[in-house]
Amino acid sequence: MAKLFAVTIILIAIASAVPIVRGTWTQPVDISTHGHSIDEQFHETMWEAGLAFLAAQIVLGLFIWTSAGRGPDAQIKRFPGGATGLVLAAVFLVGTEVIALGIFGVNAWAQVYFAPPGPDAMPIQVQAGQFAFYFRYPGPDGKFGPIHPDKIDEANLNFFGLDYDEPATKDDIVTAEMAIPVNREIHLLMHSKDLGHSFYVRELRVQQDFVPGLDVSLHFTATKVGRYEIVCTQLCGLGHYNMKTYLEVMSQQDFDGWLKKEAAMQ
Amino acid sequence: MATTVHEPPQIKSPRRSTADSGGGGWRNLVPAGGNLRAVRDDSSPASRTGIWVAIAAITMTFLAFTSALVVRQGASNDWRHMQLPGIIYFNTLALLASSFTLEAGRRGFRAMQGDLSRRAATLRALYATLGLGLVFVAGQYMAWLQLKAEGLYLATNPSSSFFYVFTAVHGLHVLGGLAGLVYVIRKLNRNHLHGSTLKTASHYWHFMDVLWLYLLLVLWMKL
Amino acid sequence: MHDVSAPAVHHGPPQSFISKYVFSLDHKVIGKQYYALALVAVFTGMVLSWLMRLHLGYPDLKIPGLHLLSKIGAPGDVMTPEYYLQLMTMHGTIMVFFVLTTAPFAAFGNFFLPIQVGAEDMPFPRFNMMSFWVTFVAFLVLIAAFFVGDGPPLSGWTAYAPLSAVGAVAGPGQGLGQILWAASIGIFCIGQLLGSLNFITTTLDMRTKGMSLMRLPLSAWAWFITSCMGLTAFAVLMPACILLILDHVAGTSFFIPSGLVINDQLQPHSGGSTLLWQHLFWFFGHPEVYIAIVPGMGIVSHVLITNMRRPLLSYKVMIASMTSIAFLSYMVYGHHMFVSGMNPTSSLVFSFPTLVITIPATIITLIWIGSLYGSRLRINAASLFALGFISMFVAGGVSGFFLAQPSIDIMLHATYFVVGHFHLVMAVAAIFGIFAGTYFWFPKMTGRMMNETLGKIHFWFSFVGAYCIFMPFHYLGIMGNVRRYAQFVDDYMQPVLGVHKFITIAALTTGAAQLIFLYNLIYSRFWGAKAPDNPWEGTSLEWSTTSPPPWDNFGGKHLVVHHDPYQYGMKSSTGDYIMQTSPEPSPTGE
């Protein structure tokens, strides 16, 4: 049975690696400017984790195969280098590798979080609430009108709690889907109406929780025209699975047209 | 021929007697005779370790509450500083005094080994501790009444919330300490009191004191 | 009157049925009670997982009888999305608390720690008894949530605020259900603190003559280290639960900020911090997962050594590694919060200890694997599960390389990748540790042997089945399958619905195979072959007494320990091992 077990471990390990190697289920193509460093981190990590996984499982299987069934007279052998060698291997092979990954990963993280948005970044506000995302564009005046939670009235489509008599609010444009021009930096201003939610667009390589009571923001630039899903990833209640909308990346021209159409519908 | 995993045996210097038994203490409980039951010295290491373990856990709880207070205070600008009810300073004195009477009781108990007539004085000191402890708890309750009279309830403001939470949780632990004192007094009345029991109870009680001083400081600084 | 120091063990042999089997002060009975509780909990949790998987694989499925569990949750026997989340919350809560904390730690630890140190019992038997019954009450309070009003909470075992704090307005189960949840967990914390008290004092103060700390079996060290973690972790979760309950019932705003509009109602709370809950919860939560795995590491080490007939390559390194894991576990908790909105610098700060904790975990794994080399490995149900633990721990551990990095977490947070990671290490590895301990120690605990053939069948189904269930989770996570979804309605999820069906079948099959274990357990308990005192030719103190041990563990004998716990592999008067209590000198001088 030991040999069968050894073979099983090794086969399972190899079988587990197959979908990864063949890329059967992968992340979608990156359409962001910062995503390539995240993807690089991911692939580097996959190499290391994958090799560690395979090596450990194969050696485990091998040692089970060779050590099982050895009788009471068989000599007990000590692994060369003993514990010291293994500690050194753990520290210098695995430890330094993962720490190096961490250090190189700082850059990928910093691109998302430590670089401020450029001065020309287009601000878009997104509000998350049970169970939908709504977006607001500032309109020609470039300013967002103030939000009054007590004025929120979903039945009358006042999702943000806006007072349209206020000057800055008059030209604000509220939409259920998010459209952005391609190759233009977006500054996404995030707040939650009620509970914790999260904004996740796989292709854009962004995921960020909304924090009730705090204004959080993200900035990114999309590089490819297309229609992408935005989904909520922070458990927010019974409709969590269905809390989604779409990001439409368009040419600047198409975007201008879209915005005009949306403005007319306010 | 024996085969082993280890290097061939070497002459080593005699191992430090961690494996030897002594008359109690940290590492061993059993004397050279190997008799598990015979040795029960005064300090009973298990109860001593035990009370410090309990103190560690209670400390962590209050550290968690403290960090909740600090974070909550910084989270929003709705914190309204409140005046601590004056009576809590009197309560503090009562609690401090109770630690002194408890120590008097412990001294009396030790003196009882040689002179049984010290029993009455010992009991008096322990009753005094109990009494002062009750004064503390009653006084804390009166502090709550005072706050209620000012319109400060549990949910009125985060500052009052934390006042009630801190004093309630500490008060509950003090009640536990009072139960321990009652237990000690009853045992003493029946001449069944073990030194380790009294020691454990007094460590706990003094900790209630120290903990209260810490909480008072936090309340005074933050509220 | 003179001062008489109290004997550490007050109780004599129990007389009545109640004092023998119900309110027992005997650590062995308490250990078995915890085991029984964990058994009930694990089967409950497993059934919940079947219901979850059925719904995920087949969302419109009618599950016969489900409406009996909840009329509003499953009208016409079809599970609503909210009921899915409610079952999911209870699944996680029951498994993490009432299985993974009770079985490896409280059940086996209570039974074997006093014996392995050579004591008659733990120093505070009444607190120990209270610890079990308090835990039992906590379980009842939690289960009660199934049967109240609109059912159990749906906020997950992590109960993030404000969803968990604002009350019923946020969704079904968020009123009374959530309060019962918080009360249950708070009560549970008290039970575990009482337990930790006993474990720590037993290890430090109750060792018999000759049993120095460096002669303790690795399982004893693991329980000791775990109890230290428990002391600090549970002591922080309890205040968090108290504050959560206050937000529900007293109108406070510890975790609820102002301006929240739920169901068109402006919430009356203001000023609280939702991140505060996350910090408090995860300060507990991360050590908790090590509380779940470290006893398993100790058990696996112990079982493996006995079945390899040789000690590990280094006993001290194992202890140092387990200790460093415990120590580091407090510094890593923010890795659950990388994208939570906390300061991004904090995320980087937390990621480094998270990466560093890989090192002791790797050391432990390499020492196990390295010790196999040149050993005389015996294959039985216990050793199979111990070896399976290693495989699963590796599989679950390497996904940690990804999740420890904030930049990668941007893509993998809240996906099935995370779910795969923690199920492999907790639901599989830790459970395998429990199985290994069961097959290994059942003879000692009951005086009877378990059926080896059934044990091996159980192992094969569990090992292959677990990989079939949880490996695919990683692939799903990589392509962005979000977790905690009752159904998969997103466009990009449609091509992988078939994978979910496969997982469901695997889960049901593997789950059914656990009934083999249950049958084996129950049958063997009453009709298994009589067990000798030392069926595995082990060296530690539990094998120096009868199977099962007498009420005072050693029948009045006062053991003297002469050796470290892992004298295996030499020629001796007993064969190839020297028991700890044997006065026979060891060739190594240890």
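User: In this predicted model, at what angle do helix α2 and helix α5 of chain C pack, and how are they oriented to each other?
Analyst: Helix α2 (residues 27–57) and helix α5 (residues 102–117) of chain C pack with their axes 8 Å apart, at an angle of about 165°. Angles over 145 degrees count as roughly antiparallel. The orientation of α2(C) and α5(C) is therefore roughly antiparallel.

User: What is the handedness of the crossing of α2(C) and α5(C), and which class of residue gives 11 members to their contact?
Analyst: α2(C) passes α5(C) in a left-handed crossing. Residues that make the contact include C:Tyr34 and C:Leu37 of α2(C), together with C:Phe108 and C:Phe111 of α5(C). Four residues of this contact are polar and two are charged, while the class with 11 is nonpolar.

User: Which element gives the largest share of the side of chain A that touches chain C?
Analyst: In this interface, 89 residues of chain A are in contact with 90 residues of chain C. Among the elements giving two or more residues to the chain A side are α1 (2–22), α2 (35–67) and α3 (82–113). The largest share, 19 residues, comes from α3(A).

User: Is B:Asn191, which has a positive phi, buried or exposed?
Analyst: B:Asn191 is not a glycine, yet its phi is about 60°. This residue lies in the loop between α4 (158–189) and α5 (195–222) of chain B.

Notes: Residues are numbered from 1 along each chain as its sequence is written. Chains are lettered from A and ligands numbered from 1 in the order in which they are written. This is a predicted model: local features need pLDDT of at least 70, side-chain atom pairs count only at pLDDT 80 or more; totals for chains, interfaces and linings use all residues. Two residues are in contact if their C-beta atoms, placed from the backbone, lie within 7 Å. Helices (H or I, at least four residues) and strands (E, at least two) are DSSP runs, numbered from the N terminus. Axes are lines fitted to C-alpha atoms, for helices over the stretch in contact, and angles run from 0 to 180 degrees between N-to-C directions. Angles under 35 degrees count as roughly parallel, over 145 as roughly antiparallel, 65 to 115 as roughly perpendicular and the rest as oblique. A crossing is left-handed if the near helix is turned anticlockwise from the far one by less than a right angle, and right-handed if clockwise. Ala, Val, Leu, Ile, Met, Phe, Trp, Tyr, Cys and Pro count as nonpolar, Asp, Glu, Lys and Arg as charged, and the others, Gly among them, as polar.
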